[in-house]
Amino acid sequence: MAKLVECVPNFSEGNNKEVIDAVAQAISRTPGCVLLDVDAGASTNRTVYTFVGSPEAVVEGALSAARVAGQLIDMSQHSGEHPRMGALDVCPFVPVRNVSMEECVTCARIFGQRLAAELGVPVYLYGAAAQSESRKALPSIRAGEYEALPEKLAKPEWAPDFGPPVFVPRWGATVTGARTFLIAYNINLLCTKELAHRIALNIREQGRGPDQPGRLKKVQGIGWYLEEENMAQVSTNLLDFETTSLHTVYEEICRDAQELNLPVVGSQLVGLVPKKAMLDAAEFYIKKEKLFILEEEQKIRLVVNRLGLDSLSPFHPRERIIEYLVEAGEVDGGLVAKPLGAFVRAVGARSAAPGGGSVSAAAGALGAALGSMVGLMSYGKRQFEDLDPIMRKLIPPFHQAMEELVAMVDADSRAFSSYMEAMKLPKNTPEEQERRTAAMQQGLKTAVGVPYGLAEKVSGLWPALKELARHCNLACKSDVQVAAKMLEAAVFGAYFNVTINLKEIADDKFKRVMSQKVSGMLEEAKQGSAVVLALLDKRVA
């Protein structure tokens with residue numbers, strides 16, 4: 001799949017629609033760039049743009065936007081609630097797909113160098129692109145904001161990474177860099193700016209200083225007041241949502257607000273959010289409230305409700321979750337996006353991929369889907385009420401496996417394609433031959449890894465399928481029988497795909513370990529299927 005980088009430039013204009021639209025058009029008109037979101041704030045007087053593209057395209061898109069901003073934004077006239085130091089205040093590059101952090105660092109350096117050269121403005125590097133420890137954190141660079149720049153730029157220790165150490169009144173200075181996905185998340189409070197900031201100091205990692213750190217790691221925070229909404233916000237940046245999650249920030253702020261007798265009235269996501277951050281929050285509330293929710297769409301809806309994400313404006317998941325936007329912009333949705341007939345015809349075409357691996361993944365996905373279906377047909381009905389606790393435990397693993405195995409239909413096809421691409425590499429010199437051989441070997445290991453993962457995923461379903469056979473609605477007996485055979489067939493297919501690719505792999509230890517493991521899972525599948533069928537045969541309607 002193509003390389004994809006996200007760029008999230010923050011421009012210091014949130015009120016003038018003509019300027020906001022002009023910057024957006026500059027990005028949209030850049031070949032290879034897809035503008036995903038424009039989030040303007042009146043009180044902050046700041047607009048956050050989110051767009052994606054290849055590494056080369058996003059650099060061009062950011063430069064196009066900066067050129068427009070240089071003509072239309074005058075920092076000497078700017079004021080707003082959000083800390084800022086430049087017309088283009090900060091411009092991070094974020095890896096999204098098939099791109100390393102190092103490649104995003106390269107994007108930031110190329111962008112910073114070209115911006116400084118073209119516009120004659122000072123540019124600083126931060127995050128993973130920072131050239132010194134003192135410049136890794138954005139707040140450290142932005143301390144004192146725009147107003148402090150004349151004095152700051154005169155100090156040798158604050159010489160910019162690119163461009164002249166000269167104060168440019170209309171522009172200020174720009175910070176660019178590379179980072180992981182940052183979530184800008186604000187919690188609404190009916191209180192004063194000062195009380196909101198007091199809570200921000202409690203929860204942000206920096207706290208009130210080195211001697212009084214805050215409670216939440218990888219979280220920045222500030223309190224401000226939104227005049228247009230007549231409410232305060234604790235505005236936070238989640239630098240790593242895997243370390244501190246959305247729901248943790250919300251719950252901790254709610255706790256502090258409750259101690260101060262302050263009402264929390266929802267929250268706000270600025271820009272885009274990764275799907276995993278939303279689903280992690282869903283799992284938290286599902287567990288906390290002992291809910292039973294399977295569908296991704298319903299989980300997202302739960303999070304919107306629990307966090308009050310639609311309190312200031314409607315929250316449309318298809319427009320705010322980055323994976324949904326990226327998927328919508330892709331022309332080729334892969335094999336699983338095809339109608340069944342088209343998929344079957346693709347398998348039947350004169351092409352090595354899709355082949356047995358993709359078919360095995362499809363068989364496994366259908367087997368897991370039948371398990372989920374039977375569980376749901378045995379759940380939530382008065383006549384099977386005593387089965388509800390059992391089905392609540394059995395349905396989720398089938399539902400999750402179904403989704404993961406569907407993804408493997410395309411993964412297997414892509415894995416084999418990487419081997420085929422390696423075979424096309426040049427082999428004219430000894431060095432080229434060595435590179436080609438190494439790439440082919442890695443391609444074969446990748447081709448082995450997908451069907452092996454398929455067998456491993458199915459292997460984890462046998463205990464649940466046996467339990468389902470013991471307790472399910474007997475009207476679905478044949479569905480469980482078919483599920484057992486489909487899952488068994490999936491493992492058979494995985495076994496054959498692993499073994500055929502192992503033959504050409506030179507790493508003997510890898511071959512031995514993989515062969516032993518996949519053979520064991522094949523035997524487990526044979527026995528598991530037989531046990532399920534036997535259990536069903538013993539049951540009488």
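This note walks through a predicted protein model, point by point.

1. **Before you start.** Residues are numbered from 1 along each chain as its sequence is written, and side-chain values use heavy atoms, with hydrogens and water left out. Because the model is predicted, local features need pLDDT of at least 70 and side-chain atom pairs count only at pLDDT 80 or more, while totals for chains, interfaces and linings use all residues.

2. **The whole protein.** You will find 18 helices and eleven strands here; helices (H or I, at least four residues) and strands (E, at least two) are DSSP runs, numbered from the N terminus. The C-alpha trace spans about 80 × 70 × 45 Å along its principal axes. Of the 541 residues, 50% count as buried, where buried means under 20% relative accessible area, exposed means over 50%, and partly exposed is in between (1.4 Å probe, protein chains only). Now look at contacts, meaning heavy atoms within 4.5 Å. Among contacts with a separation of 6 or more, 73% are between residues 24 or more positions apart.

3. **A four-stranded sheet.** Find the open sheet with strand order S9-S10-S8-S11 and antiparallel pairing. Two strands pair if DSSP finds at least two bridges between them. Strands of a sheet pair through backbone hydrogen bonds, either parallel or antiparallel. At the edges are S9 (219-226) and S11 (264-270), each pairing on one side only. On average, neighbouring strands are turned by 20 degrees against each other, direction ignored. Helix H7 (residues 246-259) packs on this sheet and touches S8, S9, S10 and S11. The direction of H7 makes about 25 degrees with that of S8; axes are lines fitted to C-alpha atoms, for helices over the stretch in contact, and angles run from 0 to 180 degrees between N-to-C directions.

4. **Strand S8 and its partners.** S8 (residues 183-189) pairs with S10 (residues 231-238) in the antiparallel sense over seven bridges. Along this pairing, Tyr-185 has Thr-236 as its bridge partner, and Asn-188 stands opposite Gln-233. S8 also pairs with S11, again antiparallel, over five bridges; there Asn-186 stands opposite Gln-268.

5. **How enclosed is S8?** Seven of the seven residues of S8 are buried, so the strand is largely enclosed by the rest of the structure. In a regular strand the side chains alternate between the two faces of the sheet. In S8, Ile-183, Tyr-185, Ile-187 and Leu-189 are on one side, Ala-184, Asn-186 and Asn-188 are on the other, and both faces are covered.

6. **Two helices side by side.** Helix H16 (residues 462-471) packs against helix H18 (residues 508-538) at an angle of about 10 degrees, with axes 8 Å apart. H16 and H18 are therefore roughly parallel to each other; angles under 35 degrees count as roughly parallel, over 145 as roughly antiparallel, 65 to 115 as roughly perpendicular and the rest as oblique. From H16, the residues that meet H18 are Trp-462, Leu-465, Lys-466, Ala-469 and Arg-470. Their counterparts in H18 include Glu-524, Ala-525, Gly-528 and Leu-535. The residues of this contact divide into eight nonpolar, two polar and three charged (Ala, Val, Leu, Ile, Met, Phe, Trp, Tyr, Cys and Pro count as nonpolar, Asp, Glu, Lys and Arg as charged, and the others, Gly among them, as polar).

7. **Helix H9.** The twelve residues of H9 (residues 296-307) reach 17 Å from first C-alpha to last, close to the 16 Å expected at 1.5 Å a residue; the expected span is 1.5 Å times one less than the number of residues. Its buried residues are Lys-299, Ile-300, Leu-302, Val-303, Val-304 and Leu-307. After H9 comes Gly-308, with a positive phi near 65 degrees.

8. **Leu-405.** Leaving aside neighbours within four places in sequence, Leu-405 is in contact with residues including Ala-361, Gly-364, Leu-454 and Val-458.

9. **Two positive phi values.** Glu-145 has a phi near 60 degrees, a positive value in a residue other than glycine. Glu-145 lies in the loop between H4 (138-142) and H5 (149-153), and is partly exposed at 26% relative accessible area. Lys-218, also not a glycine, has a positive phi of about 55 degrees.
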